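The text takes them in turn.

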Amino acid sequence: MLERFPYIGGDAASGTKNLIGAYMFVSMGEVLKKYGVTTAQSGHLMILIYERQFTKIPSFLRNIMGKIFTNPRFLTKMFLKKDRKNALNAAQNPGSFETQTQIPPEKGYDFSYHNLVCPLADFAKKYGYEEYMPYICNLDYVMFGILGAPLYREHTCFDDGDYCDFKLKLSAKPMDYDPPVFTQGNGYK
């Protein structure tokens, strides 16, 4: 799998760790299939592993991260910088992550941005790992949920082909991520 991985700019590029981490889960799922484990069961293991990864972060740091992810002004400033960095990287490494902060945020939300290019989804489509993508996308809900940030997503690059939307509604409580959001029948992915 690593031999076919896209190069998106190395460690300095936004999303490299996400790409590698996500496909570590896919690799795990592919091995577990040989032992009769379903994709849904692997998806549940992904949630547990990701939960443990984020709950290992000391609580005071999680609280700081949570405050950042629930501060729309700071997020906008941070993500506009990320948008510029991603655009420069994508010019050198086509197919890498590209983002666009929505100003103003999408109606009814306090902050929103779109992921316009997703190498995770592109790799899944190209090499036949489509069944894992909804579970990988659900991991965003795990991270945001642990940080106390209420994430909502109605579009994904994988399902809809155009963009992934990340929207925060600070007056809401984080969505339950287990069972995965896409299985809950509420229109969110």
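Helices (H or I, at least four residues) and strands (E, at least two) are DSSP runs, numbered from the N terminus. Residues are numbered from 1 along each chain as its sequence is written, and side-chain values use heavy atoms, with hydrogens and water left out. This is a predicted model, in which local features need pLDDT of at least 70 and side-chain atom pairs count only at pLDDT 80 or more, while totals for chains, interfaces and linings use all residues.

Leu45 counts as partly exposed because its relative accessibility is 33%. Here buried means under 20% relative accessible area, exposed means over 50%, and partly exposed lies in between (1.4 Å probe, protein chains only). Together with Met24 and Ile49, Leu45 makes a nonpolar surface patch of about 240 Å². Patches are made of residues with over 30% relative accessible area and no salt bridge; like charges are joined within 9 Å, nonpolar side chains (Val, Leu, Ile, Met, Phe, Trp, Tyr) within 5 Å. Accessible areas come from the Shrake-Rupley method with a 1.4 Å probe, and for residues only the protein chains shown count as cover.

On a 1 Å grid over the protein atoms alone, a cavity is a set of points where a 1.4 Å probe fits but cannot get out. A pocket is an open set with protein on both sides within 12 Å along at least five of seven lines. Lining residues have an atom within 4 Å of a point. Grid points are joined across faces, edges and corners, and a volume is the space filled by probe spheres set on the points.

How much space lies in the largest pocket? About 1,200 Å³. Its lining has 41 residues, and Gly15, Asn18, Tyr50, Lys82 and Met143 lie nearest the centre of the pocket. Among the elements that give two or more residues to this lining are helix 1 (16-33), helix 2, helix 5 (119-127) and helix 6. By class, the lining of the largest pocket divides into 24 nonpolar, 10 polar and seven charged residues. Ala, Val, Leu, Ile, Met, Phe, Trp, Tyr, Cys and Pro count as nonpolar, Asp, Glu, Lys and Arg as charged, and the others, Gly among them, as polar.

The structure also holds two cavities of 30 Å³ or more. The largest cavity has a volume of about 60 Å³. Its lining includes Met133, Cys137, Phe158 and Lys189. Helix 6 (133-146) and helix 7 (157-160) are the elements that give two or more residues to that lining. Helix 6 gives the most, with three residues. Five residues of the lining of the largest cavity are nonpolar, one is polar and two are charged.

The second largest cavity holds about 40 Å³ of space. Among its lining residues are Phe69, Phe79, Tyr113, Phe166 and Lys167. Helix 4 (72-92), strand 2 (111-117) and strand 4 (164-168) each supply at least two residues of this lining. Strand 4 has the largest share, three residues. The lining of the second largest cavity has nine nonpolar, no polar and one charged residues.

Now turn to the charged pairs. A salt bridge is a side-chain nitrogen of Lys or Arg within 4 Å of a carboxyl oxygen of Asp or Glu. By this rule there are seven salt bridges. In one of them, the side chains of Glu106 and Lys167 meet at 3.8 Å, N to O. Glu106 lies in the loop between strand 1 (98-101) and strand 2, and Lys167 lies in strand 4, so the pair ties together parts 61 residues apart in sequence. Glu106 is partly exposed, at 21% relative accessible area. Lys167 is buried, at 1%. Lys167 also bridges to Asp165, the closest N and O atoms being 3.1 Å apart. Both Asp165 and Lys167 are buried. Glu106, Glu154, Asp165 and Lys167 are linked in a network of salt bridges.

Another salt bridge joins Lys189 and Asp160, with the closest N and O atoms 2.9 Å apart. This pair links distant parts of the chain: Lys189 sits in the segment after strand 4 and Asp160 in helix 7, 29 residues apart. Lys189 is partly exposed, at 23% relative accessible area. Asp160 is partly exposed, at 33%.
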